[in-house]
Amino acid sequence: MYNNEPIFLQPVFQERIWGGQKLSTEFHYQIPYERTGEAWVISAHPHGPSVIMNGPLAGKTLADAWKDHKELFNKDAGETGEYPLLIKILDAADDLSVQVHPNDEFAREVEGVPYGKTECWYVLSAEDGAELVYGHHAKTKEELVSMIDQGEWDRLLRRIKVKAGDFVYVPSGTIHAIGRGIVILETQQSSDITYRVYDYDRTDATGKKRELHLERAKQVTTVPHQDAVLEQTETVNGGLVEKKLVEEQYFTVSHWQVDGQANCKMTADYLQVSVIEGKAVLTIAGQSFDVKKGSQFILPHGVREYQLEGKAEFIVSHE
């Protein structure tokens with residue numbers, strides 16, 4: 001089963017108050033909403049599991065494959081636990097709420113779910129002057145609580161400018177928000193827990209403000225904020241330049257740029273692959289598959305070697 005072929009996945013789309021149309025105009029996805037904010041492109045999360053498009057499990061979800069065919073991921077059949085990662089593409093036509101996510105321990109004890117949420121962002125496109133909220137200026141927990149209670153958002157929130165190709169690592173406990181005009185690919189733990197800190201006093205279609213989660217946000221926010229120090233390395237293999245963006249407790253994420261041809265060996269249990277630019281041919285044991293911007297697939301454990309040929313960029317991740 002899938003010894004010599006990738007597992008192609010159909011994205012699941014999520015409507016968001018801040019969403020737009022770029023998942024259609026930039027990725028040519030058939031989006032269902034006027035404000036489509038998120039494509040969950042590799043997901044086994046119950047709030048939006050990806051559907052398998054090819055092979056013997058076509059029509060099943062990634063969650064089904066994880067549950068019933070652990071061998072595809074080099075796991076023992078009796079192993080418990082949820083699929084660990086979730087890949088999204090987000091189109092921020094407007095500012096996302098300022099938010100923070102808990103760590104695993106808090107998520108399990110307080111929310112009763114298996115994972116907290118550490119994530120990272122690769123900026124696919126950004127309008128001139130676009131910025132993120134990343135961290136805060138409070139020096140102590142008391143100062144954080146006071147600034148939140150007083151609504152001193154300009155003093156509290158730390159903003160950084162970004163451009164296409166930037167990479168941002170967002171551990172649990174980091175206050176953050178994606179700003180308008182930014183499209184990102186997000187690699188994260190498979191969790192959907194968000195504590196909203198500030199939402200610009202926006203109202204929904206019925207005139208109601210969205211719920212905030214200030215007490216839990218205060219509990220889980222890391223004080224003081226510290227930027228992560230990432231050791232990024234680059235290797236060249238024929239026509240493939242592989243830049244490792246982050247390697248940490250939950251995931252390893254790399255940017256691959258193919259210009260020509262490369263022969264590759266599998267070095268992880270399985271790989272999650274998002275094509276973010278261009279097109280290429282993926283060949284496994286003599287069988288070829290065309291992939292292009294917007295293609296999403298998993299190289300399962302049965303694949304040992306493969307070739308890439310073309311001109312394309314990928315974000316590749318694994319546990």
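This is a predicted model: local features need pLDDT of at least 70, side-chain atom pairs count only at pLDDT 80 or more; totals for chains, interfaces and linings use all residues.
Reader: Thanks! Which residues are exposed on the other side of H4?

Author: Let's begin with the buried side of helix H4 (residues 141–150), where Leu144, Met147 and Ile148 are found. Seen down the axis of H4, these buried residues fall within an arc of 100°, so they line one face of the helix. An α-helix has 3.6 residues a turn, so residues three or four places apart point the same way. On the other side of H4, the exposed residues are Glu142 and Gln150.

Reader: What covers the buried residues of H4?

Author: The cover includes both strands and helices. Among the strands are S8 (131–136) and S13 (195–198). The helices include H5 (153–156) and H6 (214–220).

Reader: Which residue follows H4, and what is its phi?

Author: The residue after H4 is Gly151. Its phi is positive, near 65°.

Reader: Moving on to helix H3, which exposed residues does the face turned away from its buried side carry?

Author: In helix H3 (residues 104–111), the buried residues are Asp104, Phe106 and Ala107. They fall within an arc of 165° when seen down the axis of H3, so they line one face of the helix. S12, S13 and H6 are among what covers them. The face turned away carries Glu105 and Glu109.

Reader: At the start of H3, which residue's side-chain oxygen reaches the backbone nitrogen of Glu105?

Author: The oxygen comes to within 3.3 Å of that nitrogen. A polar contact calls for N or O atoms within 3.5 Å. The side chain that supplies the oxygen belongs to Asn103.

Reader: Now the sheet: what is the order of its 6 strands?

Author: Strands of a sheet pair through backbone hydrogen bonds, either parallel or antiparallel. Here the sheet is open and the pairing is antiparallel. S2 and strand S10 (167–170) stand at the edges with a single partner strand each, so one side of each is left without a neighbour in the sheet.

Reader: Is strand S3 largely enclosed or open, and how many of its residues are buried?

Author: Strand S3 (residues 36–42) pairs with S2 (residues 12–20) over 5 antiparallel bridges, and Trp40 in S3 is the bridge partner of Val12. S3 also pairs with S5 (residues 85–92) over 4 antiparallel bridges, with Glu38 opposite Leu90. S3 is largely enclosed by the rest of the structure, because its buried residues number 7 of the 7.

Reader: How many bridges join S5 to strand S12?

Author: S5 and S12 (residues 182–189) run antiparallel.

Reader: Last topic, the aromatic rings: is the pair of Phe27 and Tyr29 stacked or edge-to-face?

Author: A search of the whole structure finds 13 aromatic pairs. The rings of Phe27 and Tyr29 are 5.8 Å apart, centre to centre, with 10° between the planes. Planes under 30 degrees apart count as stacked, over 60 as edge-to-face. The pair of Phe27 and Tyr29 is therefore stacked.

Key:
Residues are numbered from 1 along each chain as its sequence is written. Side-chain values use heavy atoms; hydrogens and water are left out. Buried means under 20% relative accessible area, exposed over 50%, partly exposed in between (1.4 Å probe, protein chains only). Helices (H or I, at least four residues) and strands (E, at least two) are DSSP runs, numbered from the N terminus. Two strands pair if DSSP finds at least two bridges between them. The arc is that of the directions from the helix axis to the C-beta atoms. Contact means heavy atoms within 4.5 Å. A polar contact is a pair of N or O atoms within 3.5 Å; within protein, one must be able to donate a hydrogen and the other to accept it, and residues adjacent in sequence count only if both atoms are side-chain atoms. Rings of Phe, Tyr and Trp (its six-membered ring) pair if their centres lie within 6.5 Å; planes under 30 degrees apart count as stacked, over 60 as edge-to-face and the rest as tilted.
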